[in-house]
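Hello,

Here is the model I promised to pass on to you. Please open it next to this email, and my notes follow below.

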Amino acid sequence: FYSPRSFYSKDAIKNQRDAVISEANSAAARTPDSISEPRTNRQEEARLCVYVKETLDLLYDRENSPEDVRKKISFDVHNLRPEGVFRNVDLIAVDWVDGSSVELVTVEAKLDFNPECVQQASFYQRFAHRSWIAVLLEKGKPDQAWQALQSRDSSLFEHAVGLGLGILACFHGPNGSYRVVPAHWPRRIEPEAVEKKRFISAYYDTFVAAGVVPKDSGR
C-alpha cells in the first residue's frame with residue numbers, strides 16, 4: 001500500500017527502521033510474565049505489535065484529523081488488559097472520517113492464524129467500527145498475502161472474511177523486523193452504543209490522548 005515514506009531519503013528511511021527495531025526490542029523486554037502463555041511468545045507478540053502500530057499510523061493518517069491529535073493515531077495497549085480476554089484488544093486506532101467524526105479500530109495480534117484470534121476479533125465488532133486480525137505468516141511473500149492466508153487455512157480465512165474482519169499479514173523481515181501488509185480490509189460495522197461506551201471507559205486514558213473524549217469527561 002502507499003507509504004509517504006516513499007519520498008524520504010534512504011538515510012531517513014534507515015533511521016526510521018532502526019528506531020522501530022529498537023522500540024520493538026524494548027517492547028519485548030518490558031513484556032510481563034504470564035501463566036497462560038510462554039514468555040517467548042508474548043515477547044514476540046510485543047515486537048510484532050510495534051510493527052502493526054507503525055502500519056496503522058500509515059493506514060489511518062488523514063489530513064482532516066484534528067491538528068492536536070494528528071500524530072496520535074494508533075496505540076499499543078496489549079499490556080493494559082483492563083477487562084476479560086474478549087475485551088482486551090492489542091492495538092487501537094482512531095480514524096477521523098472528518099474533522100469532528102471519529103471511528104474506532106481494533107486489532108488482535110497473534111503469532112498463529114487460528115480460530116481463537118478470529119473469535120476474539122469478531123467480538124471486538126461489538127464496540128469498534130472496524131476490527132483487524134494481525135497474524136504472522138511463516139511462508140509466502142507480502143505481495144501474495146491473500147494466497148498465503150488461504151494456503152494456511154482456507155476455511156478459517158473464508159470465515160474471517162465472511163465476518164467482515166480485516167486481516168493484516170505479517171512476514172519476517174531483516175534483522176528481526178516484520179513487514180505488515182493489508183491482505184483484506186475490514187467491513188464497517190456500527191457498534192452497540194452501550195458496548196462502545198464501555199470500551200471507551202475501559203481505555204479512557206488512551207481515548208483522551210487520541211482526542212476522542214475530553215480529559216475531564218469522566219468514565
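**What I found**

E45 is buried, at 11% relative accessible area; buried means under 20%, exposed over 50% and partly exposed in between, with a 1.4 Å probe and protein chains only. This is a predicted model, in which local features need pLDDT of at least 70 and side-chain atom pairs count only at pLDDT 80 or more, while totals for chains, interfaces and linings use all residues. Residues are numbered from 1 along each chain as its sequence is written, and side-chain values use heavy atoms, with hydrogens and water left out.

E45 belongs to helix α2; helices (H or I, at least four residues) and strands (E, at least two) are DSSP runs numbered from the N terminus.

**The core**

The largest nonpolar core holds 20 residues, and V52, L56, Y60 and L168 have the most contacts inside it. Such a core is a set of buried Ala, Val, Leu, Ile, Met, Phe, Trp, Tyr and Cys residues joined through side-chain atoms within 4.5 Å. Helix α2 (39-59) is one of the elements that give two or more residues, and α2 gives the most, with 6. Setting aside neighbours within four places in sequence, V52 is in contact (heavy atoms within 4.5 Å) with L91, V107, A134, L168, C170 and V180.

**The sheet**

Six strands make an open sheet in the order β1-β2-β3-β4-β5-β6, with mixed pairing; two strands pair if DSSP finds at least two bridges between them. β1 (74-76) and β6 are at the edges with a single partner strand each, so one side of each has no neighbour in the sheet. β2 and β3 run antiparallel and are joined by 6 bridges. D95 stands opposite E103 in β3.

**The aromatic residues**

A search of the whole structure gives 8 aromatic pairs. Rings of Phe, Tyr and Trp (its six-membered ring) pair if their centres lie within 6.5 Å; planes under 30 degrees apart are stacked, over 60 edge-to-face and the rest tilted. F127 and F199 are a stacked pair, 4.4 Å centre to centre with 25° between the planes. F127 is in the loop between α3 and β4 and F199 in helix α5 (residues 193-202), 72 residues apart. Both are buried. F123, Y124, F127, F199, Y203 and F207 form one aromatic cluster.

Best wishes
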